[in-house]
Amino acid sequence: MGAAPSTPRSETSAEQLVALFVGRTPYPISSEFWNSLLELPLSLQWPRHRVLHACQAFAQNNYHTKHLAKLLIHLVWCLRDAMSAPDESTSAYKKAINASYIASVFLKFTIENTRTYTWEELSLDFDRTENGLENFPKDQSLQHFVMQGILQYIGTAPVSGHSLFLHHELLNFMIVAMSTQLCSGPSPEAKDVHPFLDAAMLQESNIVTSVVRRLLLNFITRPRLPFNGSSHPIFSDNGEPGVLRRVGSAAANIVLLPLYTINLLAGSSGESIGSPLADNSLLVLLVLIHYRKCILVDDLAIKNSETSDESQNLMESSAFHDNPFCKALQNSKDTQFDRADIEGNAHNDTVVRLPFASLFDTLGMYLKDETSVLLLYSLVQGNVDFLEYCLVRTDLDTLLMPIMETLYNAQRRTSNQIYMLLIILLILSQDSSFNATIHKLILPNVPWYKERLLHQTSLGSLMVIILIRTINYNLSKLRDIYLHTNCLAILANMAPHVHRLSGYASQRLVSLFDMLSRKYTKLAELKNDKVLKIVSDQIEDDNIADDMSTELHIYTDFLRIVLEIINAILTYALPRNPEVIYAVMHRQEVFEPFKNHPRFNELLENIYTVLDFFNSRMDMQELEGEWSVNKVLQVIINNCRSWRGEGMKMFTQLRFTYEQESHPEEFFIPYVWRLVLAHGFSFNPGAINLFPVEIQVEVTVSLSGPHPLKKRI
């Protein structure tokens, strides 16, 4: 590398030090230059265009100087110093924070402007024989060394005092380092390279479990960052903002780097709002657990395949490396059982142990945030222990009420958030104890429900009301078949366990059949008219006819499911649901047109058996005065006691289950990064290949489009 440049003097300005960092002259890893750079700040503000010029100069010169690699090595060394500092040395933390921050700025610019997608522009290779690197692990890549150091710190260092800011800046760096995914296509391929993410997946199990635990604890405990930066010694020099903060402020606009720590500390308010550390912890966790590294398929086998179908099958059979972070989350245990098990065996130290009670409560508080919804989905779908814990909680309203309110306001939410919530409900409804418990929980009132007052309504009745309302909304706005199917599947799972369904919920259930039946009848008429028109005009338009036949078939299935829901309530829970009987009797004319329909007649036989029984009891009553709702209900209640179910046909209970798509990564990886962008991480739209991007994605993230989750029922 030649003779080492002279060491900068201590009075060298901050501007000159940054200029030297991005310049053409390489500084050895052992040069005092690095200490001088990381021990700033001084008060100096760079114009925005100069920050951009600095990034451009760095990208051009880094091939030669390897300054990014050297800075990352210093970052790990600073983290070690910070961990070993007995008194939380201000200097050690300041250097580590500045190293992480500067690395994030220039790493992000390089990622956004790469051309190769093998990330050669990062120049992560370096001269291992250089003085000062004698102890660098010979068998480790730089990215493995860096991720090991960062993840070790995140997983083991306490989150308090000075370390709180360092934790936050490291999470910022993690998001930047993992953003290489934004530059890849929507389907992971074996050729995809993500240097830092791939290195994270190769870490030892004890590091992985400690990181997963720490990130979840950050989400639960929600540590607060003080906003008054001038009062914190790390971020001030005689009460003035440091140069890195000033540079960062400009870089946030020019380089599009979301340095949450810097932006928050630059705020004028002295009070914190929320917990950016908790938010970033959850984002990093979601990126880590949903990453999939594709295993290389034998290219020769694909070339030698005799047919295109064989080639496609080989490509579809591509496997993925195990994701240790995903496994750690799925195998997490409750700290309540953090002791020797009943057989006397010690628990495995590599298992993540968490306070499930606190996690459950925190999720309930923050389900309005889409990232919390995705975490809850990841837990109930993948972690059997947490799912069982949720099902035995007696206060299920802690989770379900925020879900109900979000579904109630579906028009203000993204379609993917609605899908996630419905899948969570579907998973929960697969358990019979859940379906029984929700009808025992009585809600004094539901203040956010505006259509009518709901007093002393069971949680189960509210679920029926909200699910039917979601179906109505979907029918008028989204028109998504999967959403319909999920809502009806949840209702079908609940049906045999319904207990004292409210009058309003019962009315909505019968009205749902009426609404779908009118849609079905209209489609049938349109299909017949279209067939006649095609025949009369001798026009070959099979596609139109096929589309209408498909839609008609879909609504036939929907109607049958609704009939099975009503039938299940009347067959298995009739004595406990007089309001359902009343609603069916009150609107019995809506069933008449389908009495002889080949798909519905057997189910309607049971409904008419019930109608005949209670209509006859009504006719036998000697009534003084006019019938009223209460009088009719009283007759129904009295005769429920004598109901024996005679003449009812027993059908196999519908039971719907959720099965994740065989390639869920094609949905979840883009979805997670959309959430990262929605939480303030700005990225050059022109560099994003992971999903289609419009310019306004930086302001409003649209999650519409073909639904990539398949629900197998």
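1. Ground rules. The model is predicted: local features need pLDDT of at least 70, side-chain atom pairs count only at pLDDT 80 or more, and totals for chains, interfaces and linings use all residues. Residues are numbered from 1 along each chain as its sequence is written, and side-chain values use heavy atoms, with hydrogens and water left out.

2. Overall fold. The protein chain has 29 helices and six strands. Helices (H or I, at least four residues) and strands (E, at least two) are DSSP runs, numbered from the N terminus. Of the 713 residues, 55% are buried. Buried means under 20% relative accessible area, exposed over 50%, partly exposed in between (1.4 Å probe, protein chains only). Take contacts between residues at least 6 apart in sequence: 77% join residues at least 24 apart. Contact means heavy atoms within 4.5 Å.

3. H6 and H7. Helix H6 (residues 142-156) packs on helix H7 (residues 162-178) at about 140°, with the axes 10 Å apart. Axes are lines fitted to C-alpha atoms, for helices over the stretch in contact, and angles run from 0 to 180 degrees between N-to-C directions. H6 is therefore oblique to H7. Angles under 35 degrees count as roughly parallel, over 145 as roughly antiparallel, 65 to 115 as roughly perpendicular and the rest as oblique. H6 contributes residues including Met147, Ile150 and Ile154, and H7 residues including Leu166, Leu170 and Phe173. The contact of H6 with H7 has eleven nonpolar residues, two polar and no charged. Here Ala, Val, Leu, Ile, Met, Phe, Trp, Tyr, Cys and Pro count as nonpolar, Asp, Glu, Lys and Arg as charged, and the others, Gly among them, as polar.

4. H20 and H29. The axes of H20 (residues 415-429) and H29 (residues 665-678) come within 12 Å and cross at roughly 125°. That makes H20 oblique to H29. Asn416, Gln417 and Met420 of H20 meet Phe667, Phe668 and Tyr671 of H29. Four of the contact residues are nonpolar, two polar and none charged.

5. Gln417. Beyond neighbours within four places in sequence, Gln417 is in contact with Leu367, Lys368, Glu370, Val373, Thr406 and Tyr671.

6. Cysteines. How many disulfides are there? The count is zero, where a disulfide is a pair of cysteine sulfur atoms within 2.5 Å. Cys55 is buried at 1% relative accessible area. Cys294 is buried too, at 8%.
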